[in-house]
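Please open the model in your viewer and keep the selection tool at hand.

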Amino acid sequence: QLQNKILILTICAAGIGGTFQYGYNISIINAPASYIQTFMNTTWLERTGVPLESNVILLLWSFTVSAYPLGGLTGAVVAGPMAIMLGRKMSLLLNNVFVIIAAALSGFSRMAKSFEMIMLSRFFTGMNAGVSMNIQPMYLAESAPKKLRGAVALTSASFTALGLVLGQVVGLRELLGREESWPFLLASNVVPALIQLTALPWFPESPRYLLIDRGDKESCISALQKLRGTSDLSAELEEMLAEQAAVKGQRAKNPWELFQNPSLRWQLVSIVVLSSAMQLCGNDSMYFYAAYVFKEAGIPQDKIPYVVIGTGSCELITSVTCNMIIDYAGRRPLLLGGYIFMAGWAIVFMVALSQQTQISWMPYLSMACIFAYILSFGIGPAGVTGVLPTEVFDQMSRPAAYMICGSLLWFNLFLVGTAFPFIVKSLAHFCYIPFLVVCVCTALYVGFFLPETKGKSFLEISEEFKKRNFKTKTRAGFYKGPEEIKITTL
């Protein structure tokens, strides 16, 4: 039991300063949006004596918002080399430096009368999220026993959802959502960073990293004993040594080497499709619509922030549920079900939006759609997508795979954030058509091409993909037999 506690505490220590920050920093920027825009205007007025035009304020605000995914993209790119050179645990610890810089910048921005400091702070916050989104699932999946691997790696999604909800709660007017306290709200992300810096050093490094990357068998065994206790480690150690032998003499791969390697073709296609779909499926855009739909449903303006917390809580509840069932249900059914349900709700949502003014109960239907869409996303795509790169790539390809995954995730977040207002403008009520197409295509891909990875060792998963990658070659290679026989008769 104590060992289970050690694993649970490792998960919490990694999560609180890891993907928790991603969710938290996405949602704390929403509450003070109008106050920061006012601050930009008054600062400019003090500097130049001329107020800013409204479209310039909007432009500056969009720069501030898009600095976050831009930082995330940078973080995702540096995460791979960090994970290889510093190890998984040390990378997570060093990653807190970015948040501490960001908190100092945003906390003192009003005092320094500089809105540029807020933009820079968002960039550093993004960098922190970019690194943790890549390294945390890798660290946890490599530290977990095989039968719990899915559930442990999936806690990353639960911490993201927890961050989202807590960010919404802290941003309420009763807490830090008032005009005078927005610098404190933006700087509050330093608290999780300090908790992680105090807690994580007490827990072991990833045993797989210690053995396969560092070749340090003693440290690996001691880390395993801490995480597993006195239970028999021979089977797990044997499996790791087999994986070490399989990658012997190789060095950690670069992202472009994955694209050139035919034996990784299907693994790469799978993570590219799923990482892109995770942002292009329109889940984050539901939050964009939430306030408008709730207002139309007759909820008073001052009560809307409380209902929006409900949407965040939905994602939290489903990701925790998904945690409990992933190692029973498997990865494929959760992904497939999630995308099929989202496609269905997208259709209902568009119909409800188009009839919003005609039929009195339609706003309530669109409100139900928002909750249902977020629930469907949380039950599968939100968590499983982050687990897959760990499972389908070997130790030497894994950091590079996460770099590709993370870069796509952040680039698409930026793309959707920039394009969505224009999609709404041009397609009006039918703005969810692009997202519907993404959901249907992804469901088809998962249904036809993605193998199940539940309960398999990393080597078994590699073997299964090897069969797929070289299926066509073995058929074409049948006629080489006679030549080989000739050679043996010589």
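Begin with the second largest pocket, whose volume is about 380 Å³. A pocket is an open set of points on a 1 Å grid over the protein atoms alone, where a 1.4 Å probe fits, with protein on both sides within 12 Å along at least five of seven lines; lining residues have an atom within 4 Å of a point. The volume is the space filled by probe spheres set on the points, which are joined across faces, edges and corners.

This is a predicted model: local features need pLDDT of at least 70 and side-chain atom pairs pLDDT 80 or more, while totals for chains, interfaces and linings use all residues. Residues are numbered from 1 along each chain as its sequence is written, and side-chain values use heavy atoms, without hydrogens and water.

Next, select Pro145, Lys146, Lys147, Arg228 and Glu236, which lie nearest the pocket's centre among its 20 lining residues. Then colour helices H1 (2-16), H12 (217-228) and H13 (234-246), the elements that each give two or more residues to this lining. Helices are DSSP runs of H or I with at least four residues, numbered from the N terminus.

Now select Tyr339, Trp410 and Tyr432, which have the most contacts inside the largest nonpolar core, a group of 73 residues. Such a core is a set of buried (under 20% relative accessible area, 1.4 Å probe, protein chains only) Ala, Val, Leu, Ile, Met, Phe, Trp, Tyr and Cys residues joined through side-chain atoms within 4.5 Å. Helix H21 (residues 398-427) supplies ten residues, the largest share of this core. The core lies between domain 1 (1-203) and domain 2 (253-471), because both give residues to it; the domain bounds come from an automatic or database domain assignment.

Conventions. Buried < 20%, exposed > 50% of the residue type's maximum accessible area, 1.4 Å probe, protein only.
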